[in-house]
Amino acid sequence: MNRLKELRKKKGLTQTEVAKFIGISQNNYSYWENGKVKIDNATLLRLADFFGVSVDYLLGHETTEADKRIKEIGGFAVPDKFLIPVVGQVVAGKPVDSAENIEGYVYIEKKNAEDYFALRVSGDSMINAGILPNSLLIVHKQNAAVSGDIVVASVDGESTVKRYKESAGAVFLMPENTAYSPILITEKTAFYIFGKVVEVRVSF
C-alpha cells in the first residue's frame with residue numbers, strides 16, 4: 001500500500017514504530033505496507049487516525065474536501081495536530097523519548113511537538129488532582145518548575161509524578177492522595193525534573 005509507506009516516511013517513523021503502535025510485529029506491518037496482506041477494517045481505522053487521514057485516502061482515494069485539506073506542504077498531518085511519543089517507565093539519565101521507552105504515539109494540538117511527550121500513569125498517588133491510574137499525561141519537557149506545578153521527575157533513580165512545592169527554602173514533591181507521604185528533596189537526593197504536566201487524559 002504505497003500511501004501507507006508515504007505517510008510513514010512523512011512522519012519520519014520506522015516500520016517498527018508504527019507496528020508497535022498498532023500492536024503487531026514489524027514483519028506483519030511490512031506485509032501490509034507492501035500490499036501482500038489485506039488490512040482489516042478495524043485496523044484501517046486505527047491507521048487512518050494514527051496518520052491523520054481518512055480511510056479513503058489511505059486506500060488511494062482522495063474524494064472529499066476534508067482529505068484535500070489534510071494534504072499539506074511538508075506532510076499529511078491533521079491541521080494543528082501533531083504526534084508525540086507515549087513513553088513507558090522513565091529512567092534517570094536517559095532521554096524520555098529514547099527508543100526503548102516509546103510505547104506508541106498520540107496527537108496533541110501544539111505545534112512544537114518535539115517539546116512534549118506523553119506518559120501513562122500506573123499509580124494512584126495523584127488521584128485528588130484528577131490523575132487516575134491509566135491516565136495519559138501530556139508533559140512539556142523542562143528541567144525546572146515553580147511551586148504548584150505537577151511534574152514528572154526522577155528521585156534517586158525512581159520516576160514519579162507529583163506536585164512540586166517550595167516552602168521555607170525546602171523542596172517537596174507532594175502527593176494528591178492522603179495515603180502517601182510528601183517526598184523531601186535534599187542536597188543528597190539525586191533529583192531531576194523531566195517535565196511539567198500540561199494536560200491529563202483520563203482512560204477507563
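Modeller: Start at Asp-156, which has a positive phi near 50 degrees in the hairpin of E5 and E6, where two residues sit between the strands. What you're looking at is a predicted model, so local features are taken at pLDDT of at least 70 and side-chain atom pairs only at pLDDT 80 or more, while totals for chains, interfaces and linings use all residues. Residues are numbered from 1 along each chain as its sequence is written, and side-chain values use heavy atoms, leaving out hydrogens and water. As for the labels, helices (H or I, at least four residues) and strands (E, at least two) are DSSP runs numbered from the N terminus.

Strand E5 (residues 150-155) runs antiparallel to E6, with six bridges joining them; two strands count as paired if DSSP finds at least two bridges between them. Within that pair, Ser-154 faces Ser-159 of E6. As background, sheet strands pair through backbone hydrogen bonds, parallel or antiparallel.

Follow strand E6 (residues 158-167) onward and you meet strand E7 (residues 170-174), again antiparallel, joined by five bridges. Glu-166 is opposite Val-171 in E7, and Ser-167 is opposite Ala-170 in E7. This second hairpin also has two residues between its strands, and Ala-168 in its turn shows a positive phi of about 50 degrees. Most residues other than glycine have a negative phi. Ala-168 is not a glycine, yet its phi is positive. Ala-168 is exposed at 85% relative accessibility; the classes are buried under 20% relative accessible area, exposed over 50% and partly exposed in between, using a 1.4 Å probe and protein chains only.

There's another non-glycine worth checking: Asn-134, with a positive phi of about 80 degrees. Asn-134 sits in the loop between strand E3 (116-120) and strand E4 (136-141), and is partly exposed at 36% relative accessible area.

Past E7, the loop to E8 holds Asn-177, which is buried at 12% relative accessible area. The Asn-177 side chain comes to 2.9 Å from the backbone oxygen of Asp-124. Beyond its neighbours within four places in sequence, Asn-177 is in contact (heavy atoms within 4.5 Å) with Asp-124, Ser-125, Ile-127 and Asn-128.

A nonpolar core here is a set of buried Ala, Val, Leu, Ile, Met, Phe, Trp, Tyr and Cys residues joined through side-chain atoms within 4.5 Å. The largest such core has 22 residues, and those touching the most other members include Leu-4, Tyr-29, Leu-47 and Phe-51. Helices H1 (2-10), H2 (15-22), H3 (26-33), H4 (41-51) and H5 (55-58), along with strand E2 (102-108), each supply at least two of its residues. H4 contributes the most, five residues. Setting aside neighbours within four places in sequence, Leu-4 is in contact with Tyr-29, Trp-32, Glu-33, Ile-39, Leu-47, Phe-51 and Leu-58. A second, separate core has 13 residues, among them Phe-117, Leu-119, Val-139 and Ile-150.

On H3, the buried residues are Tyr-29, Ser-30, Trp-32 and Glu-33. They sit on the same side of H3, because they span an arc of only 155 degrees around the axis, taken from the directions from the helix axis to the C-beta atoms. Just after H3 comes Gly-35, whose phi is positive at about 75 degrees.

Last stop, H1: Lys-10 lies in that helix and is partly exposed, at 48% relative accessible area. The C-alpha atoms of Lys-10 and Phe-51 are separated by 9.5 Å, with the two residues 41 residues apart along the chain.

Note on methods: Polar contact = N/O pair within 3.5 Å; in protein donor to acceptor, adjacent residues only side chain to side chain.
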